[in-house]
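This report walks through a helix, some ring pairs, the nonpolar cores and the salt bridges. Please look at the sequence and the structure first.

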Amino acid sequence: MLNGIDPIIIFHFSKLVTDGKVAANKTKLPVTGSILSSLPLPAIPIYLSEKITGLYIDTEERNIDIDTSIETTALADDPVINQRGINNSVKISMLASRDSLGLMLFSALADLIFPKVTSKEYAISYLHGAVTVFQGLIHSFAITQDPGTDKYNITLELLKPGTATKIQSTEVSAVKNVTLDAAKVPGT
Amino acid sequence: MNTYDCYKLINVDDFEATGLVSKELSLFLTGIGLKTILITKGNFISVLIDDVFLSLEVNGKNPFEFGGYAVFKDPNNDLWLGVLNAS
């Protein structure tokens with residue numbers, strides 16, 4: 001407990017709503033239009049408290065992985081450094097006994113999340129003092145039993161999403177006044 | 001005869017190699033402004049822009065013209081968007 005508040009994991013679910021009217025009106029083709037909105041569903045909090053849910057945090061890890069490539073140039077200039085983000089994650093290891101409520105909840109929620117990973121109709125928030133993840137995504141999840149005991153280790157790795165969403169737009173120049181001819185298209 | 005201002009969007013081979021069924025592009029088209037264009041892959045590669053849906057090579061048509069827009073694929077397999085000239 002920190003300041004009397006248990007650590008908490010919150011599972012957020014949502015439903016994507018598509019509107020096929022956008023494209024179908026003009027073309028009469030049955031086509032999926034762009035996804036307009038995400039309908040939030042009630043969130044499911046799980047208190048990581050031994051008393052309430054029978055779960056407690058064993059270890060936490062925070063990790064950032066970056067792929068760095070350094071290229072020297074033919075002109076002996078300063079090397080060009082390119083970096084690419086690979087991972088920004090928090091890994092939480094928890095302990096639970098076989099009959100704990102939290103273990104059953106985690107197992108059921110993991111099954112619920114699995115089909116939604118591509119549509120991203122879920123998010124997970126984790127709040128424990130300095131280690132927080134808001135609206136993160138699951139990277140891995142495992143439940144393993146300690147041999148010869150009824151203790152289970154739960155390992156959950158969450159990816160931290162970006163804190164700001166930027167719309168990257170590229171400027172595209174026009175090839176002007178083109179007469180389109182099926183026999184010869186521009187760009188040739 | 002209609003004339004178009006043409007903008008190169010993406011390379012069709014590169015898009016198909018990603019295995020995605022759709023990709024949203026946010027492009028600043030000179031002379032027009034910021035446009036959000038959805039490229040989709042069904043039986044045909046298609047483009048959705050401003051409520052207009054254009055499919056490449058439907059009935060063998062390249063370019064495919066509709067609703068003030070056109071799409072075509074050049075010999076390098078680059079996908080182009082044509083915007084009808086008002087003048």
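Phe141(A) is partly exposed, with a relative accessible area of 27%. Here buried means under 20% relative accessible area, exposed means over 50%, and partly exposed lies in between (1.4 Å probe, protein chains only). This is a predicted model, in which local features need pLDDT of at least 70 and side-chain atom pairs count only at pLDDT 80 or more, while totals for chains, interfaces and linings use all residues. Residues are numbered from 1 along each chain as its sequence is written, chains are lettered from A and ligands numbered from 1 in the order in which they are written, and side-chain values use heavy atoms, with hydrogens and water left out.

**Aromatic pairs**

A search of the whole structure gives three aromatic pairs over all chains. Rings of Phe, Tyr and Trp (its six-membered ring) pair if their centres lie within 6.5 Å; planes under 30 degrees apart count as stacked, over 60 as edge-to-face and the rest as tilted. Phe106(A) and Phe141(A) are stacked, because their ring centres are 6.1 Å apart and their planes are at 20°. Phe106(A) belongs to helix α2 of chain A and Phe141(A) to strand β7 of chain A, so this pair ties together parts 35 residues apart in sequence. Helices (H or I, at least four residues) and strands (E, at least two) are DSSP runs, numbered from the N terminus. Phe106(A) is buried, at 1% relative accessibility. Ring pairs also join Phe11(A), Phe106(A) and Phe141(A) into a cluster.

In chain B, Phe72(B) and Trp80(B) form a stacked pair, with 6.0 Å from centre to centre and 10° between the planes. Both Phe72(B) and Trp80(B) are buried.

**Helix α2 of chain A**

Helix α2(A) covers residues 101-113, which is 13 residues, and spans 18 Å from first to last C-alpha, close to the 18 Å expected at 1.5 Å a residue. The expected span is 1.5 Å times one less than the number of residues. Which residues of α2(A) are buried? They are Gly102(A), Leu103(A), Phe106(A), Leu109(A), Ala110(A) and Ile113(A). These residues lie on the same side of α2(A), because they cover an arc of only 135° around the axis. The face turned away from the buried side carries the exposed residues Met104(A) and Asp111(A).

**Nonpolar cores**

A nonpolar core is a set of buried Ala, Val, Leu, Ile, Met, Phe, Trp, Tyr and Cys residues joined through side-chain atoms within 4.5 Å. The largest has 24 residues, and those with the most contacts inside it include Phe106(A), Leu48(A) and Tyr126(A). A second, separate core of 23 residues includes Val172(A), Ile45(B), Val47(B) and Leu79(B).

**Salt bridges**

A salt bridge is a side-chain nitrogen of Lys or Arg within 4 Å of a carboxyl oxygen of Asp or Glu. The table lists some of them.

| Residue | Partner | N to O distance |
|---|---|---|
| Asp67(A) | Arg84(A) | 3.5 Å |
| Asp78(B) | Lys8(B) | 3.6 Å |
| Lys73(B) | Glu57(B) | 3.5 Å |

Asp78(B), in strand β8 (residues 78-84) of chain B, and Lys8(B), in strand β1 (residues 3-11) of chain B, are 70 residues apart. Asp78(B) is buried, with a relative accessible area of 11%, whereas Lys8(B) is partly exposed at 40%.

How values were computed
The arc is that of the directions from the helix axis to the C-beta atoms.
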